[in-house]
Amino acid sequence: MKSVRLLFASGASYVAMTAHAHADPVSLIATAIHGFLLSSTAVAATAAGTIATFAANAIVAGAIAGLSLVGAGQRPTGTVKAADAKNTFESGESSVIEGLGRVRVGGLKAFGNTDGSTRWRLVCRLQGPIDAVEAYFVGGREVTVDPDGTVSSPPWSRAGGSWMKWEDKKGDGTETAWPALMSAFPALWTSAHRVRGIAQSLVTFFNPGLTSSKYLSLYQGGVPDTEQVKRASLIYDPRDEDQDPDDKTTWRWNENGILGAAHVLRRDPAFTSDRFDWPLITTQAVKADVSVATKTGTEKRARCWGMWAWEGARKETMEDILRSIGAEIRLTAQGKIWFELIDDDPTPEISFEPSDVVDLEWMSGPEAVERPNICRIKYYSPERNYELADIDMTGIAWARIDDEVTRYGPKYFDVELPFCPSASQAQRIARRLFLQARADTGVAVTNMVGLAAWGLYYGEVELPDLGDVERVRLSPPRVDDSRGTVEIPFSVWPSLSAWNPATDEADAPESLPDMQYESDLPTPNAPVGAVQVTYPGGAKEFRIGYSLPAVSYNTIEATYRIYSGGLPGSWSGMTEAATVAYVAADLLGAEIDARVRIFRGDDGSYFSPLLHTVVGIDNSPCGAPSVVSGGAESGLPTATLDVDVTIAEIRGAAVKLERRRELSGGGGWTAWTTIGQQNARPNQNLHFADSYTNANPTGIAVEWRFTTLTSDGTPGAALILSAVAQGS
């Protein structure tokens, strides 16, 4: 026997074959202990720590082996169904729900009451702390919530305020009782009602009057449910020197699949940070963040999004997570836990030559009439509003064995990945699982050198006489002391070609727009530009420009969001005009998204596609202002100016008015003299008035010049109006 690589870690459980006659109580203990590694918390932390220590030591000693994390159809699990998580529910009892990555969640209605007019709803969303909220939904429709909690989207917006207020807490443990609830319900809600450690929302619904048509518009179906897209749990990243594995206040949000798996297992109080091999986890976390090719570009190899309940079966939840990221749990020789990504071309850890093998039983894969021949995939799809969605695998050769389908009919292999947020990632994992399910299996009976396979996952077996070497996935060895032999069940590792996104990957499902308002209003195009403007007095303003469809509408909603560390914040509202929206802010250099939609009454269009850009300053000269109404008029003895002008460019900051007159007797003009200046926005009417009285007997020509100034005062093309101050 030649050892390629020996890593004392938990091995793969034997799931494809029946129990062998030589299985003994030690094997049963192995199953129980490794199951405990993934189980939900059911014992005190001190007892759990003792059992976990025993498990680690026993595995290192080679007395037991681990398990394979290949799913087994329908079974109890703590994984929360995506569709259920989006609901807002009422219950006297509810498990703690925690999220990983990005999730869309409703939550538990923890408290609701009314003073006869105003209504309050306190909704517990997730175990905190969470990182941020990226989007808000009311009755399934996306709304904008401004920093002060005002819901500024129709139909909730109103002059000077809103019919709805939405306030959030991240659940960092420092929460105090909601002042609004203590004030409205002093007998029911006191300072002791802090709801600490829970990411929560207090939603206030105001009453426009029971006889008002607005009341029916807002509440015809009762108080609507609310949802949020959240960046969920803060988790520990050993690559970040500023983070402490035992100080949650230093943790940050991360969608890394390996780190997410470690986080969930650590929620069991038995699994303290010292039970994990963080250097090995670091190497795998780096691999999980490596960019891989997809059909539409690149993405990180292993991301993890989804929700799970603390009271669920931890073992099955961990299986769901590990399958969704394409990884497995392992142990070091010191009993430390780590997670390893499964490669399509894994490195063998041990090799067996013919001299090591006493007997070799080889069995072809499942009978053709039972062997799966069509692969179907579901994943946690942001394209489908954060629900499990199918991928249309039509035309993908590896996912369908046509000749077997023709001969024996369709035999489906369903891969469900509730913590996988990528169609590309899901397909890369599913191909391996599908071909593993079709693989040949066998049992190698070796002499006692087979003991070295304990705790190993991958090996090579050289076939007697043929000389062929097969790569195999090892299952736990079984020792027959009376014969001095070791039986090692295995399955043949499939030969996987390098992933070619162009041919191996199906398209992700089409993005499903959120439920919107029943309307025939067309969707606007994406905004055409974003710019930072500085007025002459120094005030700062951020603007976006857009061109809206040529239809009848009465409300425009423009929103923007700012990125920090590459992650988007929540959407904020702006003040809208016909072609531009603005907000008093200095966003120079910020990475932003912007979008716009239109409303006719309470009927709204879909949001436009996003403008994604970095905010800059544009000081290129503007075009000449345009006359809206009025003009210059000759008179005796006074020439007058009474005009409204406007500008078109979103970079324009002000309009400057200057005047000059013809020199007496001809022969030239005076220098331009500044008459006035006004801050300006596109399509804003600016009124200017001036006059010049001529005391000479002959007429004198007068000119007024309007120029648009950019942030640094650069003047653009001029609009010149002229008149004659006639002589007496």
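This is a predicted model: local features need pLDDT of at least 70, side-chain atom pairs count only at pLDDT 80 or more; totals for chains, interfaces and linings use all residues.

Biologist: How many bridges join β40 to β43?

Modeller: There are 8 bridges between β43 and strand β40, which covers residues 638-646. The two strands run antiparallel.

Biologist: What is the strand order of the sheet they sit in?

Modeller: The order is β39-β40-β43, in an open sheet of 3 strands with antiparallel pairing. Its edge strands are β39 (626-633) and β43 (686-693), each of which pairs on one side only. From one strand to the next, the twist averages 5°.

Biologist: Let us turn to the helices. At what angle do α6 and α8 pack?

Modeller: Helix α6 (residues 257-266) packs against helix α8 (residues 314-325) at about 175°, and their axes are 10 Å apart. An angle over 145 degrees counts as roughly antiparallel, so α6 is roughly antiparallel to α8.

Biologist: Which residues meet there?

Modeller: From α6 they are Gly-257, Ile-258, Ala-261, Val-264 and Leu-265. In α8 their counterparts are Arg-314, Met-318, Ile-321, Leu-322 and Ile-325. By class, this contact of α6 with α8 has 8 nonpolar, 1 polar and 1 charged residues.

Biologist: And how do the axes of α6 and α7 cross?

Modeller: They cross at roughly 135° and come within 8 Å, with α7 spanning residues 278-288. The helices α6 and α7 are therefore oblique to each other.

Biologist: Which residues make that contact?

Modeller: On the α6 side, Ile-258, Leu-259, Ala-262 and Arg-266 take part. On the α7 side, the residues are Trp-278, Ile-281, Gln-284, Ala-285 and Ala-288. The contact of α6 with α7 divides into 7 nonpolar, 1 polar and 1 charged residues. Ile-258 of α6 is listed in the contact with α8 and in the contact with α7.

Biologist: A change of topic: how many cavities of 30 Å³ or more are there?

Modeller: The count comes to 3. The second largest cavity has a volume of about 80 Å³.

Biologist: What lines the second largest cavity?

Modeller: Its lining consists of Glu-98, Gln-127, Gly-128, Pro-129, Ser-233, Leu-234, Lys-248, Trp-251, His-263 and Arg-267.

Biologist: How does the lining divide by class?

Modeller: The lining of the second largest cavity has 3 nonpolar, 4 polar and 3 charged residues.

Methods. Residues are numbered from 1 along each chain as its sequence is written. Side-chain values use heavy atoms; hydrogens and water are left out. Axes are lines fitted to C-alpha atoms, for helices over the stretch in contact, and angles run from 0 to 180 degrees between N-to-C directions. Helices (H or I, at least four residues) and strands (E, at least two) are DSSP runs, numbered from the N terminus. Angles under 35 degrees count as roughly parallel, over 145 as roughly antiparallel, 65 to 115 as roughly perpendicular and the rest as oblique. Contact means heavy atoms within 4.5 Å. Ala, Val, Leu, Ile, Met, Phe, Trp, Tyr, Cys and Pro count as nonpolar, Asp, Glu, Lys and Arg as charged, and the others, Gly among them, as polar. On a 1 Å grid over the protein atoms alone, a cavity is a set of points where a 1.4 Å probe fits but cannot get out, and a pocket is an open set with protein on both sides within 12 Å along at least five of seven lines; lining residues have an atom within 4 Å of a point. Grid points are joined across faces, edges and corners, and a volume is the space filled by probe spheres set on the points. Two strands pair if DSSP finds at least two bridges between them.
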